[in-house]
Each structure stands twice: as C-alpha cells, then as structure tokens.
Amino acid sequence: MPEAPKLSRRLFFGGALAGAGAAGAAAGALAAGALRRGPDIVKVPGEQRRFVGQSVMITGATSGIGRAAALAFAAEGARVSFCGRREHLGTGLQAEIAATGGEAVYIRADVRDPESVTNFIARSLEHFGPPDIAFNNAGISASQPFHETRLEDWNDIQDTNVRGVFLCMQAQIPLMRENGGGTILVTSSANAEGARPGLVAYNASKRALVGLVQTAALEYAADNIRINALCPGATDTPMIRRQSGMENAPDAVWQAGVGVWAQSNVHALGRVASAEEMARAALSLCAPEMTYLTGSAVFVDGGMTAAL
Ligand SMILES: NC(=O)c1ccc[n+]([C@@H]2O[C@H](COP(=O)([O-])OP(=O)(O)OC[C@H]3O[C@@H](n4cnc5c(N)ncnc54)[C@H](OP(=O)(O)O)[C@@H]3O)[C@@H](O)[C@H]2O)c1
C-alpha cells in the first residue's frame, strides 16, 4: 500500500485541509477502494472531427488543461498554434501531436509581455492564418494569506491571468472581425463564484475575467464573435499539485489525498476532474453547434459551486 499522504497541515487549494486525520483517512479509503473515479472512456479522442482545418490558438498549453486541449483539438482536425514559456515542453508536445498525424506549432511566448504576445499572434498567423478559435487559458496561482501576499506576487498573478488575456484578445478580436467571426474561450475558475481562503490574488483575477468576457461578448456579438469563460472546478494538473505542496509526491499518494479532499469539497461528483475531461468541456463550448452561447461563465466543476 502506498505511504499515507502527509496533508494535515498543508494548504490545500488555498484552504486548510479539514481534519488532522486526513492522512489516515486517505490511506484507508485508498485501501478500501472507496474513492470515486471518473469514467475510463468517455469518448475516443478524434472520434468526432468538429474542427477540421480550423485555426486554433491556445495559450498555456505546455501543461495541464491547455496541453490536453491542444491534443484534443488536433485530434479533431484543427491546426493548433500554442504557447507557454517552457520550450522543452512545447517542442515535446508539438512532436507528440505530429506523431499522431495532427498539425500543431509551438511558439514560445510569455503572456505578461506585450511584445511576446504580438510575436505569438504574428507567427500563428503565418502558420495557420487568422484564428477561428482562441482558447486563452494560461494562468498561475499562489497560495498565501491575504496580509502576506506580496505586491510582486499580486502583480504577477494579475499580469498573467488578466492582463495576459486582455493582451491576447486585443490582438485576436481585430483578426476575427476581419475574418467574419470566431470563438474565444477564456479559462476562469470556479473560484470566480466561490472564493477559497489563501488565494486572494487568484480569486480576484478569475472573477475579473468574467467581467472582461461579458464586456467583450456584448461588444463583438455583432461581429459574429462568441466569447465565453470556462470555469473549471478542481482539475488534476500540475497547478493543483504545486498549490497543495504535493508536486513531488508519488502519484498514488497524491490520488489518495486528493480523492479524500474531493469527497467533502466537490459536492456532487465527489472527485476532481482530469485535464482531459476539462479539455473536452473546452472543445464543446467552442464547437460550431454552440451558436447561442456567448457572454457566459460556464461552471464545469462536478457540482462544487452548486452547493455554495
Ligand atoms: N487545475 C485546476 O484545478 C484549475 C481550476 C480552475 C481553473 N484553472 C485554470 O486553468 C488554467 C490552466 O491551468 P492548469 O491547471 O492546466 O495549470 P498548469 O498545468 O500549471 O498549466 C498552466 C499553463 O499556463 C502556462 N503559463 C503560465 N504562465 C504563463 C505565461 N506568463 N505565459 C505563457 N504561458 C504561461 C504554463 O506554461 P509555462 O509554465 O510553460 O509558461 C502552463 O502551460 C489556468 O488559467 C488555471 O487558473 C485550473
């Protein structure tokens, strides 16, 4: 049996994990097979081909939800340009998509930097033309008590999560207007609705994105541009492992700990999402049949906010 997780005093998703017996409970639940699991196969990637030939830009695709979305869009026939700062991960994903017969290009970019965003958009255009779909997903978080949050951390989170999306959309919207329309999806969070302690900068940034998305949706509906926010609940990516101080824990230990946490925090489904599940939600919101969806914040959170 894997070692019991040492979680009791850690900040978990920004809130103190309830109960000092969490480690023992996690180990027990794991042994008893009591933790809830997601469906093994929901849909085979590439089974549907909803995005054939479409130009899709994704920010923050070197990891987590963005990475899974790049793979899923490419599997459905899209031509994907994507960014992130870590080059080895970006070139690795580009090769992985090429190996499956998909089309994708990695362009290194830092969404906090206007010049870098301009370069990302310009090089995406050279490769695949104006974006039919933009998934502005790059984001960071940091867990600190409000009064200990340093200004530089506050600024870094706002610059990445809010200003980065603003910069990308300012470049993408004129291209979509000229091209007759498009779809923009921004990754906000369930934290836009229900705050968690210890995440002041993150919670504020994700709520700000809803205002940004709603304003843009109203301004550009007449240009045939749909603009929405995806608000994920807890999703198993490197971000939440880091945030929980568990990035180096063995996978089985992490799964046990997060499973116990989810049973009391993800009120309906009682489990966290996989990155692939969240990517499928992103693709569905961008799909051509979603013609009436704009200006919405769509919560894909396993029932987490339903119980607030
Ligand atoms: N996981 C969750 O439970 C959860 C819940 C709600 C919302 N979200 C949101 O989902 C989005 C994706 O997060 P994730 O969970 O997939 O986390 P992740 O695995 O850490 O991925 C974050 C991605 O953003 C990129 N990124 C960060 N800063 C960047 C910058 N300055 N310029 C360009 N790219 C940057 C990272 O790439 P580099 O580090 O290579 O730059 C990485 O590809 C975020 O907006 C996050 O807030 C996640």
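## Pocket lining and helix packing

By class, 19 nonpolar, 20 polar and nine charged residues line the largest pocket. The model is a predicted one. The volume of this pocket is about 940 Å³. Its lining counts 48 residues, and the closest to the pocket centre are Gly139, Ile140, Ser141, Met239 and Arg242. Which of them gives the largest share? H7 does, with five residues.

### Helix pairs

| Helix pair | Axis distance | Angle | Crossing |
|---|---|---|---|
| H2 and H9 | within 8 Å | roughly 60° | right-handed |
| H4 and H5 | 10 Å | about 35° | right-handed |
| H5 and H6 | within 9 Å | roughly 15° | right-handed |

### H5 and H6

The axes of H5 and H6 come within 9 Å and cross at roughly 15°. Angles under 35 degrees count as roughly parallel, so H5 is roughly parallel to H6. The crossing is right-handed. From H5, the contact takes Trp154, Ile157, Gln158, Asn161, Val162, Val165, Phe166, Met169, Ile173 and Arg177. They meet Val200, Ala201, Tyr202, Ala204, Ser205, Lys206, Ala208, Leu209, Leu212, Ala216 and Tyr220 of H6. How do the residues of this contact divide by class? There are 16 nonpolar, three polar and two charged.

Asn224 sits in the loop between H6 and strand E8 (225–232). Phi of Asn224 is near 65°. That is a positive value in a residue other than glycine.

### H4 and H5

H5 also packs with helix H4 (residues 114–128). Their axes lie 10 Å apart, at an angle of about 35°. H4 passes H5 in a right-handed crossing. On the H4 side, the contact is made by Pro114, Val117, Ile121 and Leu125. On the H5 side, Arg163, Leu167, Cys168, Ala171, Gln172 and Leu175 take part. Eight of these residues are nonpolar, one is polar and one is charged.

### H2 and H9

The crossing is right-handed. Which residues of H2 meet H9? Gly64, Ile65, Ala68, Ala69, Ala72 and Phe73 do. Their partners in H9 are Ala275, Glu276, Met278, Ala279, Leu283 and Cys286. By class, this contact has ten nonpolar, one polar and one charged residues.

### In brief

The H5 and H6 contact, in turn, has 16 nonpolar and three polar residues.

Terms used: Residues are numbered from 1 along each chain as its sequence is written. This is a predicted model: local features need pLDDT of at least 70, side-chain atom pairs count only at pLDDT 80 or more; totals for chains, interfaces and linings use all residues. Side-chain values use heavy atoms; hydrogens and water are left out. On a 1 Å grid over the protein atoms alone, a cavity is a set of points where a 1.4 Å probe fits but cannot get out, and a pocket is an open set with protein on both sides within 12 Å along at least five of seven lines; lining residues have an atom within 4 Å of a point. Grid points are joined across faces, edges and corners, and a volume is the space filled by probe spheres set on the points. Helices (H or I, at least four residues) and strands (E, at least two) are DSSP runs, numbered from the N terminus. Ala, Val, Leu, Ile, Met, Phe, Trp, Tyr, Cys and Pro count as nonpolar, Asp, Glu, Lys and Arg as charged, and the others, Gly among them, as polar. Axes are lines fitted to C-alpha atoms, for helices over the stretch in contact, and angles run from 0 to 180 degrees between N-to-C directions. A crossing is left-handed if the near helix is turned anticlockwise from the far one by less than a right angle, and right-handed if clockwise. Contact means heavy atoms within 4.5 Å. Angles under 35 degrees count as roughly parallel, over 145 as roughly antiparallel, 65 to 115 as roughly perpendicular and the rest as oblique.
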